[in-house]
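Visitor: I would be grateful for a close look at a single part of this model. Please treat one residue and its surroundings in detail, and then follow the chain onward from there.

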Amino acid sequence: MQERKRKTNYLLPVALAIILLMSLFWGIRYMRDALMKLTIDERSYQLEEMVTQIRANLISGLQTHWNLVSGLNNAVMGNHFENGQDVGGNIAHLENDFCTDLYGCRVMLLDEQGAAYLSDGPAGIWYDVSHLIDGKKRNTFVSETDTIDGSFLVFSQELDRPITMEDDGIRFTHIVLLKDIQTVKQYYTTTTYGGSAATYIIKDNGTLAYYDADADDVIGARNVYKALREVANIQGQSFDSVMERLDQDGIAVANILLNQSEYYYCLTALDDFDMTLMLLIPADAVAVNTMNMMDSTVRTLTIFMSALVLLLVLATLSFVSVQRSAQRVRMEQETNRELNRLRLEAESANSAKSTFLNNMSHDIRTPMNAIIGFTNIALKQQPKPEVRVCLEKISDSSEHLLMLINDVLDISRIESGRIQFTPVPTDLVAVAETVVNVTSGFLSNRHLTFRPHLQEPASRYVLTDAVRIREVLVNILGNAVKFTPDGGTIDFEASYLPGPDDQHLLARYRIADTGIGMSEEFIEHLFDEFSQEESSARTQYKGTGLGMAITKRYVDLMGGTISVESRKGKGSTFIVELPMELTDGSRLQKREYAADSSDLTGVKVLLAEDNDLNAEIATIQLEELGMQVSRAADGKEAVRAFAEHPPETFDVILMDIMMPEMDGYEATAAIRGLPNRPDASQIPIIAMTANAFAEDVQASLDAGMNGHLSKPIVMSEVVKTIARNLNT
């Protein structure tokens with residue numbers, strides 16, 4: 001009887017363990033299947049987002065060529081040709097005047113019989129003239145014409161007024177822009193997937209028009225649609241259903257097996273251009289982090305549940321209580337070691353994140369400085385109108401890209417706790433007036449009514465963070481300008497309410513517009529990161545969807561509140577309330593020198609800059625202001641140049657931070673420590689660097705520098721900073 005009871009005591013925990021293990025097995029399998037489905041959905045969404053952006057870039061690029069065709073059409077109207085040689089000469093002039101070689105294009109004229117004329121003479125009947133008989137004034141298609149060697153994207157427009165060649169009475173009816181299809185690559189190239197993405201341009205009948213990738217075409221078929229119809233689809237959906245979704249939504253994603261390997265492809269229609277764009281990517285290149293996280297989660301769950309089963313069995317078997325206690329101690333020790341390891345990994349990850357943000361800021365701002373600087377220099381050279389337009393678009397795009405970079409870096413730094421609220425004496429009236437001035441700049445080329453209402457506070461001096469307040473208000477007002485159609489109205493009111501005691505007040509800012517408004521459902525997510533109510537907002541209005549998230553974080557950081565009321569199609573009203581402590585005006589920092597009031601002619605500058613492009617930009621812009629510039633290619637050369645020249649050779653040193661041989665901090669310390677050079681401790685040394693965070697500014701001051709300028713450089717700030725240091 002006791003033996004039977006003993007066996008029962010053994011069998012019961014064993015049975016429980018087996019049941020638990022089976023439950024664990026099926027549970028893990030179910031969770032893995034669920035995670036796999038989520039991964040597939042995420043991969044599909046990620047591809048759709050990527051291809052949507054590529055499509056927008058491609059369509060924008062193609063539209064640029066239509067603009068070029070329109071210009072060619074206007075330019076050719078009114079011409080009269082005497083003979084075929086005159087036709088070729090005029091086409092050559094058109095190609096030269098419109099710089100078509102920069103676009104990888106050639107110009108062609110077609111007569112009413114379908115004969116083609118190029119800059120080098122008649123080319124016979126055009127192979128693709130059949131595309132033009134549908135009666136449309138404009139046509140876009142892919143051509144593999146025999147008239148000219150190669151594959152081309154054709155932009156054909158019927159001439160507003162046909163042109164006659166007098167010798168033969170030939171009438172030219174169409175002007176055609178032939179764009180080498182290989183030059184379209186710049187609009188759809190993506191490095192997001194490590195160069196593993198292959199791009200296909202497909203004609204409406206499924207025929208491959210162009211393929212672009214580093215590796216061979218894994219589909220390897222002339223008719224891409226036919227090949228995709230025959231391959232195995234992992235998710236069980238047919239190619240016909242993919243095409244139905246493409247027709248319905250303009251974009252479709254599928255998961256297939258090619259040569260025993262898993263791939264994802266995404267199709268997106270270019271309806272206005274009679275083409276379809278396809279991106280083909282190996283599955284292991286999409287959502288890599290998610291797959292790693294999923295595998296890690298399953299492994300961790302398996303280990304954890306296995307340990308739980310073991311603990312259950314050990315706890316149930318009373319005769320191994322001593323072993324159980326020892327096991328428990330060992331497990332606690334392992335857990336502590338694991339927790340300590342995880343803590344060290346978290347600290348290391350946080351440090352790595354900080355390093356990444358600094359490096360990212362520097363590595364992106366350095367080329368941005370070159371782009372913005374050379375663009376501004378080019379604009380000053382009185383370029384042709386069409387070149388000026390291009391340069392202005394480059395400048396606008398550069399400023400927009402810099403804004404996006406700043407948004408991403410700001411939200412990351414806020415989340416890591418590296419941005420703190422540091423109140424300083426501030427003039428509230430000056431803050432509001434600055435916001436009005438900045439907003440007025442947004443209104444150029446817009447037909448909007450902007451009505452500022454600024455109340456005069458009883459005490460205008462407070463302790464607050466003026467920079468953060470300006471960012472909050474300018475961000476909201478910038479959105480109001482962006483999302484309010486022409487003819488609308490924007491109100492900005494600044495008022496001040498009593499605080500909880502005599503030493504405090506409550507600043508209240510109200511921004512109301514008559515713009516497109518928001519739905520009640522979206523307002524709940526307005527302050528979420530990357531939130532945009534409509535999928536077209538990123539393309540139509542630009543931006544990252546981070547602006548309002550950053551605004552909310554800043555308001556919270558200052559202990560304030562932000563509220564919003566909005567109706568779709570009626571407009572939005574934002575109210576920001578910020579508590580502030582009163583102070584007196586004597587503590588206010590002195591006003592900076594105005595850029596236009598400082599004559600720096602003859603100022604001798606030692607420029608320490610390792611990047612040749614940035615050095616060239618800075619030299620040109622400083623010399624335009626009458627300064628004399630000497631360049632040092634790194635920190636060590638800067639120290640040597642200062643030491644080997646007599647006192648008063650240089651009036652000021654502009655010092656980059658990240659340089660080879662010796663960085664800016666080390667070079668500053670070396671100059672300050674030079675013996676027998678009293679001027680070494682007095683010469684102004686100003687950091688001019690892509691390291692733009694607040695801690696970088698403080699690091700520059702701690703290293704013995706007198707000021708800090710962040711790239712991309714703004715010459716008005718450079719002038720003010722140099723003038724301030726030369727007059728102190």
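Guide: Leaving aside residues up to four places away in sequence, Glu95 is in contact with Thr100, Arg106, Val107 and Ser119. The model is a predicted one, and it places Glu95 in helix H2, which spans residues 84-97. Glu95 is buried, yet it has no salt bridge. The nearest side chain of opposite charge belongs to Arg106, 4.0 Å away.

Beyond the helix, the loop between H2 and strand S1 (105-111) contains Cys99. The backbone of Cys99 has a phi near 50°, a positive value in a residue other than glycine. Most residues other than glycine have a negative phi. Cys99 counts as partly exposed because its relative accessibility is 31%. Another cysteine, Cys266, has a relative accessibility of 0% and therefore counts as buried. A search for disulfides across the whole structure finds 0.

A positive phi also occurs at Asn676, with a value of about 60°, although this residue is not a glycine. Asn676 is located in the loop between helix H16 (664-672) and strand S23 (685-689). With a relative accessibility of 77%, over the 50% cut-off, Asn676 counts as exposed.

Technical notes. Residues numbered from 1 in each chain as written. Predicted model: local features only at pLDDT ≥ 70, side-chain atom pairs only at ≥ 80, totals over all residues. Heavy atoms only, no water. Helix = DSSP H or I, 4+ residues; strand = E, 2+ residues; numbered from the N terminus. Buried < 20%, exposed > 50% of the residue type's maximum accessible area, 1.4 Å probe, protein only. Lys, Arg positive; Asp, Glu negative; His and termini not counted. Contact = heavy atoms within 4.5 Å. Disulfide = S-S within 2.5 Å.
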